[in-house]
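I am opening a notebook on a structure that is new to me, and I mean to write down what I look up in the order in which I look it up.

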Amino acid sequence: MKMKIYIIRAIKIMSLLLAVVLCVGVLQEYVLCHADHNRERIKGFYLEDKDSVDVVLIGASEIYADFSSCYAYEKFGFTSYPISTQSNIVQNFKTQIKSAIKEQHPKLIVVEVNGALYIKDEDLEKEANFRNYVDNIPLDSDKVEFISECVTENQLEYYLPIIKYHSVWNDFPKGLKWNLSIIQSTVRGYNYLKGAKCKAVIYKEKGKVYNSSLKDNDKRNDLNEKAEQYLRECLEYCKSENIDNIVFVRFPHIVTQKSLTRFYRGNTIGDIIAEYGYDYINFERNFDDTGLDVNTDFYNFDHLNIYGQRKFTEYFGRYIQENYGISESTLTPSQKEEWDTCVKYYEAFSEYSFSLIENKKNIEVREDYKCMKEIEKYL
């Protein structure tokens, strides 16, 4: 009789613990978390069917502002997805490359090098620039190694982000638009826009623009010491693992007097990458080849607007097809239906953005719940 009582009591305790774990898991995943476009995009990567994405793009905001996976599929028939977060730092590159290979075994990995160009230690070590990525990836051996290498304090917060974000209740209902979007994408099984985002405005640079005079500019500036160290560690990892389907790029920016020194650091990055035998394509040096117009195609000096996004996606999509043998992806009927649906949503996204620009509405267009309601009016 006593044994039966102990067994019942043990079952009750285990059931209570299981309920607590499940509750914490749901709250941490969908409610008490930092829900924003970074989370929506990274979570979306892990929703993609295994080995269904042929091109993975890694980097910071240049990736999701300048390149649309949906539009590339519409124009060229290959699938792609961005592992990119706001101010993505060079420390993240190696783990992002590992994730790309583990999840998708892509035909090509594209790494945009902005994260290695920061000159201040504080930018490289900024917690938000790390958390934008690490908070949103699954708990596995790569994440454990990543945290152990890069985090020196409060490591438990990275394994249980609910500790960090337990006060997010205060953001509701304002923050609900992202929580709802992430839940909807999880239920659906994919993101409609595949991580793309833009701002509906045309930027006008008032100072001198150097873009058309940089093709033969070979001046170099030193990188931040830590940034170079992390970059070399990433390149050494790629060599040690015989990763040869990877290309490093510098996406286009408006280069002004203020950003010239960053351009010079980009030249130095090209030298370092060449040491390891990898390709480096600098679209700041080869800006005129892209067909972009500094007067119409940017929403600020670092990012393309919808006009530029479509132009550069078409240019870069064709470029990697012709230079890296990227052909149309082989998809199942359900996968093709998904991508065809995403193309329709991207075209609606574009039409909505065009309309906002015409009406001089300076608004970010992205896959949050509120914005998608407006986009769906253009389907």
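**Overall form.** Before judging the overall form, I noted that the radius of gyration is taken over C-alpha atoms, and that the globule rule is 2.2 Å times the number of residues to the power 0.38. I also noted that this is a predicted model. With 379 residues, a compact globule would have a radius of gyration near 21 Å, and the protein has 22 Å, which agrees. I then looked up the extent of the C-alpha trace, which spans about 90 × 50 × 40 Å along the principal axes of the protein. The protein has 16 helices and nine strands, and 53% of its 379 residues count as buried. Among the contacts with a separation of 6 or more, 82% come from residues 24 or more positions apart.

**Aromatic pairs.** How many aromatic pairs does the structure hold? I found 26, and I followed two of them. The rings of Phe45 and Tyr81 have their centres 5.9 Å apart and their planes at 50°, so this pair is tilted. Phe45 belongs to helix H2 (residues 37–47) and Tyr81 to strand E2 (residues 80–84), so that the pair links distant parts of the chain, 36 residues apart. Both Phe45 and Tyr81 are buried.

For Phe251 and Phe316, I read ring centres 5.6 Å apart and planes at 70°, so the pair is edge-to-face. Phe251 lies in the loop between strand E5 (246–250) and helix H13 (260–275), whereas Phe316 lies in helix H14 (residues 306–324), so the pair ties together parts that are 65 residues apart in sequence. Phe251 is buried, with a relative accessible area of 0%, and for Phe316, also buried, the value is 0%. I noted too that ring pairs link Phe251 and Phe316 into a cluster with Phe67, Phe283, Phe312, Tyr315 and Tyr319.

**Charges over rings.** I looked next at arginines beside rings. The charged end of Arg188 sits over the ring of Tyr190, 5.7 Å from its centre, while Arg310 lies over the face of Tyr71, at 4.3 Å from the ring centre.

**Helix H8.** Which residues are buried in helix H8 (residues 141–150)? I listed Asp142, Lys143, Phe146 and Ile147. Seen down the axis of H8, its buried residues fall within an arc of 130°, so they line one face of the helix. These buried residues pack against helix H5 (93–104), helix H7 (127–134) and helix H9 (156–159). At the N-terminal end of H8 I found a cap, Asp140, which has a side-chain oxygen 3.2 Å from the backbone nitrogen of Asp142.

Methods:
Residues are numbered from 1 along each chain as its sequence is written. This is a predicted model: local features need pLDDT of at least 70, side-chain atom pairs count only at pLDDT 80 or more; totals for chains, interfaces and linings use all residues. Side-chain values use heavy atoms; hydrogens and water are left out. Rings of Phe, Tyr and Trp (its six-membered ring) pair if their centres lie within 6.5 Å; planes under 30 degrees apart count as stacked, over 60 as edge-to-face and the rest as tilted. Helices (H or I, at least four residues) and strands (E, at least two) are DSSP runs, numbered from the N terminus. Buried means under 20% relative accessible area, exposed over 50%, partly exposed in between (1.4 Å probe, protein chains only). A charge sits over a ring if NZ of Lys or CZ of Arg is within 6 Å of the ring centre and within 35 degrees of the ring normal. The arc is that of the directions from the helix axis to the C-beta atoms. Contact means heavy atoms within 4.5 Å. A polar contact is a pair of N or O atoms within 3.5 Å; within protein, one must be able to donate a hydrogen and the other to accept it, and residues adjacent in sequence count only if both atoms are side-chain atoms.
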